[in-house]
Amino acid sequence: MDVGRPLLRALRATVFAVACVPLSSTLHVLAGGGAIRPGFLAGATALTWAGAYLLGARRRGLPALVGAAFAAQYGMHHLFTAGAEPPPPSLTGHDHSSGLGMLLVHVALALVSAWWLERGETALAGIVHLAVASLWAGLIVLAAAPVEPRLPGRPPAAGTVDRLRRLLFTAGVSRRGPPLIVSVR
C-alpha cells in the first residue's frame, strides 16, 4: 500500500489544512492583520487542502516541502490581507500587515509546516509499511498452519489453502547455500 492513495491523500490534506489555516490566520491577526472574514478562511482552507492533495501523490523531500509551505504562507498572507475586515485605526497610523513581524510569522509557520509535513510523511510511510508487512506475515502464518483433517463423508475443500501456500511461497526466492556452478563444455 502506498501513502499516495487517494483516500490517504485526502485524509492527510484535510488534517494539514484544518491545522495549518487556523494557526496561520490566528498568528496573522496577532501580528497586526485585521480580523479575517469567514469566507476567506474557507477559501484558504480549500486552497490549502487542494495544494496538499496535489503534492501528496508521492513523498516529497524537505526542500520541496519548504518551497510549497512558503508559497502557501505567501498566498495565505495575501488572501488574509484581502479578506480582512477594516481594522480599527491605529494610534500610530502605520500599517502593520506588511511589517517585519508579519513576515517572521509567515516564515516561521512555513518552516514549521514543512518540517511537520516531512516528519509526518516519514511516520505515515513507516506505519503503512509495517501494516502491510504485518498483513503479509499473518497470511504466511495462516498458509503455513497445518490443515485440519477433514471429517469422513465430507468432500475435500477446493484447495484454497494449497493455492494460498503456492501463491505466497512460490514468489519467494531462496538465496541460501553455495552458488550454483554451471560447467560449460
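Trainee: What should I know about the model before reading it?
Mentor: This is a predicted model, where local features need pLDDT of at least 70 and side-chain atom pairs count only at pLDDT 80 or more, while totals for chains, interfaces and linings use all residues. Residues are numbered from 1 along each chain as its sequence is written, and side-chain values use heavy atoms, with hydrogens and water left out.

Trainee: How do you know what confidence the predictor has in the protein chain?
Mentor: From pLDDT, the predictor's confidence in each residue, from 0 to 100. The protein chain averages 79, and 70% of the residues score at least 70.

Trainee: What makes up the secondary structure of the protein chain?
Mentor: Five helices and zero strands. From the N terminus on, the order is α-α-α-α-α. Helices (H or I, at least four residues) and strands (E, at least two) are DSSP runs, numbered from the N terminus.

Trainee: Why is Gln73 called buried?
Mentor: Buried means under 20% relative accessible area, exposed over 50%, partly exposed in between (1.4 Å probe, protein chains only). Gln73 has a relative accessible area of 1%, so Gln73 is buried. Gln73 lies in helix H3.

Trainee: Which residues does Gln73 touch, not counting residues up to four places away in sequence?
Mentor: Cys20, Ser24, His106, Leu109 and Ala110. Contact means heavy atoms within 4.5 Å.

Trainee: Why is Leu8 called buried?
Mentor: The relative accessible area of Leu8 is 19%, which is under 20%, so Leu8 counts as buried. Leu8 lies in helix H1. Its C-alpha atom is 9.4 Å from that of Tyr53, 45 residues apart along the chain.

Trainee: What makes Arg37 partly exposed?
Mentor: Arg37 has 35% relative accessibility, between the 20% and 50% limits, so Arg37 counts as partly exposed. Arg37 is found in the loop between H1 and H2. Leaving aside neighbours within four places in sequence, Arg37 is in contact with Ala82, Gly83, Ala84 and Glu85.

Trainee: Why is Phe16 called buried?
Mentor: Phe16 has a relative accessible area of 8%, under the 20% limit, so Phe16 is buried. Phe16 is found in helix H1. Leaving aside neighbours within four places in sequence, Phe16 is in contact with Thr48, Ala52, Ser113, Trp116 and Leu117. The C-alpha atoms of Phe16 and Tyr53, 37 residues apart along the chain, are separated by 9.7 Å.

Trainee: What makes a set of residues a nonpolar core?
Mentor: A nonpolar core is a set of buried Ala, Val, Leu, Ile, Met, Phe, Trp, Tyr and Cys residues joined through side-chain atoms within 4.5 Å. The largest one has nine residues: Ala13, Phe16, Cys20, Val21, Ile36, Ala44, Ala52, Met76 and Phe80. H1, H2 and H3 each supply at least two residues of this core. H1 gives the most, with four. Ala52 touches Ala13 and Phe16, not counting residues up to four places away in sequence.

Trainee: How many of the residues of the whole protein chain count as buried?
Mentor: Of 185 residues, 22% count as buried.

Trainee: Which residues lie closest to the centre of the largest pocket?
Mentor: Phe16, Thr48, Gly51, Ala52 and Leu55, of the 26 residues that line the pocket. H3 supplies the largest share of the lining, nine residues.

Trainee: What makes the lining residues nonpolar, polar or charged?
Mentor: Ala, Val, Leu, Ile, Met, Phe, Trp, Tyr, Cys and Pro count as nonpolar, Asp, Glu, Lys and Arg as charged, and the others, Gly among them, as polar. By that rule, the lining of the largest pocket divides into 15 nonpolar, six polar and five charged residues.

Definitions and conventions: 1 Å grid on protein atoms, 1.4 Å probe; cavity = no way out; pocket = protein on both sides within 12 Å on 5 of 7 lines; lining within 4 Å.
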